[in-house]
Amino acid sequence: MSHLVKRLSSTVSIKATPSKAHHHVPLPSSAFPSGYLLTGLHAGVKRKPGAPDLAVILSTSTRPTSAAACFTRNAFKAAPVVVSDQILAQNAGRARAVVVNSGCANAVTGRQGMDDAWAMVRATDALLPPHPSSSTPAAKKPEHETLVMSTGVIGQTLPIAKILAGIEKHAPVSLGKDFSAWECAARAFMTTDTFPKLRARTFTIGGVEYRMAGMDKGAGMIHPDMGPASTFTSADAFKELHATLLGCILTDAPVSPRSLQSALTYAVERSFNSISVDGDMSTNDTIVVLANGAAAPREVEEIDEESDRDGYEVFKRELTEFAVDLAKLVVRDGEGATKFVTVTVKGAPTYKDAHSIASRISTSALVKTALYGEDANWGRILAATGSVALSSPSSSAPAQIDPTKVSVSFVPSDDTTPLPVLVRGEPENVDEVRAKEILSQEDFGVVVELGMGSEEATYWTCDFSYEYVRINGDYRS
């Protein structure tokens, strides 16, 4: 692989991947939600000495903790995905802990993989404080309260003895709630990531101030298509054929399990299911949310979409905006990426159509290599757009794109005038100098107007570089 890159470098100008360290911003400890303890440590999964590879997250709230998740729809679901889904189903959307390892995906590992995932659950369960007798009668105490996630190489079994030693011996003495603890946990999620992805925000519902914080990881094998945990899956759930994406969001707001799942499903579709680095969906993609109610006054009940619609809508909006922030960090850290590109499809007959076309553009290798080369090759964008079969407005005839109504523009990130390259099917006399100026920016946008309706969707993607090939050609070595 190194010989290939050297040969290419002799004939092509290879741009250096820009540093992304500035996207990691230290946060005050007061920014994080109350009622959580976290740690990140080196258990020995990764070969590099001292590299964090195990995270433990505990809810210590005296109120019941709701849990929700969206999991990959890949047929080869990793053992931790299967186990976490089972736990949420058994507990009707309650859980109080999350354990995460990086360095090994524990995917396609057979019976041993399932046994190892359950062993991680049991070991972390043992770290949880007892349930307050007033809030959880003994008869209702769940058997297991830990969700498990793994990321790394597929097809290899975990060094489970090292992981269990990390959970049982080292995690209890390093748990904390300040910025350092949160940052260590975020670093333990990382594989080929170049910076820990950690964010926090404050919001108010019903006059009460709550906090939300979260971390995610991902830089390659990123094109998630995640659906709700099986406990809450409905027959009409949105489905679309689409290195693992993992995320954990924690809040001290009180939210009922069903409403937490409903809000997360909505948020994921508009955030994590709307990003792509390379078009490959992982076996392990998982987003988990815990809501422990630790900041709520005793008399405040759990926010529920039926009994408190206004409060639920505020929470759903906050969760969606927060999920978008975390999802964008994954794209910005795309393996070898030099560009962050916002692809917006407007004027579609349905949201699903707009989303499908934006996805197709964002995963086109020809589009992504042109973006790397800063080449305004809008014909590739049109080709990707026209390859998508739109949904049928009726059973008689599918919707058809009318090429005479389609427009394409490149949009600079500095709010200056967009550059139209196609207007209602007619090509513009493109100012190539201006096009190069826009595409040489680290951030810019592509807008496609279909002229078929009022729906729109946005995808976030990046370019393909030689560095991406190098990273993935040597991934296991």
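# Burial, bridges and backbone in a predicted model

Reader: Why is Lys339 called buried?
Author: Its relative accessible area is 5%. Buried means under 20%, exposed means over 50%, and partly exposed lies in between (1.4 Å probe, protein chains only). Lys339 has 5%, so it counts as buried.

Reader: What kind of model is this, and which residues and atoms count?
Author: This is a predicted model: local features need pLDDT of at least 70, side-chain atom pairs count only at pLDDT 80 or more, and totals for chains, interfaces and linings use all residues. Residues are numbered from 1 along each chain as its sequence is written, and side-chain values use heavy atoms, without hydrogens and water.

Reader: What makes the contact between Lys339 and Glu374 a salt bridge?
Author: The N to O distance is 2.8 Å. A salt bridge needs a side-chain nitrogen of Lys or Arg within 4 Å of a carboxyl oxygen of Asp or Glu.

Reader: Is Glu374 buried or exposed?
Author: Buried. Its relative accessible area is 14%, which falls under the cut-off for that class.

Reader: Which other residue has a positive phi, and where does it lie?
Author: Asn106, with phi near 50 degrees. Asn106 is not a glycine either. It lies in the loop between strand S4 (97-104) and helix H3 (110-125). Its relative accessible area is 0%, so Asn106 is buried.

Reader: How many helices and strands are there, and what makes a run count as one?
Author: The chain has 12 helices and 17 strands.

Reader: Why is S12 described as largely enclosed?
Author: Seven of its nine residues are buried, so the rest of the structure largely encloses S12.

Reader: How do you know which strands pair with S12?
Author: By counting bridges. Two strands pair if DSSP finds at least two bridges between them. S12 (340-348) has seven bridges to strand S16 (residues 443-449), and these two run parallel. Seven bridges also join S12 to strand S17 (residues 455-462), in an antiparallel arrangement. Each count meets the cut-off, so both pairings hold. On the S16 side, Phe340 stands opposite Asp443. On the S17 side, Thr342 stands opposite Trp460.

Reader: How many salt bridges does the structure hold?
Author: It holds 19. One of them joins the side chains of Glu145 and Arg96, at 2.9 Å from N to O. This pair links distant parts of the chain, 49 residues apart. Glu145 is in the loop between H3 and strand S5 (146-153), and Arg96 is in the loop between helix H2 (79-91) and S4.

Reader: What makes Asp325 and Arg201 a salt bridge?
Author: Their closest N and O atoms are 3.4 Å apart. That is within the limit, so the pair qualifies. Arg201 is buried at 19%, whereas Asp325 is partly exposed at 33%. Arg201, Glu318, Glu321 and Asp325 are linked in a network of salt bridges.

Reader: Which positions does UniProt list as "binding site"?
Author: The unreviewed entry lists Thr191, Lys217, Thr244, Glu335, Asn472 and Ser477. Such annotations may be inferred rather than shown by experiment.

Reader: What are the totals for burial and surface?
Author: Buried residues make up 55% of the 477 residues in the chain. The chain exposes about 19,500 Å², and carbon and sulfur atoms supply 52% of that area. The areas come from the Shrake-Rupley method with a 1.4 Å probe.

Key. Helices (H or I, at least four residues) and strands (E, at least two) are DSSP runs, numbered from the N terminus.
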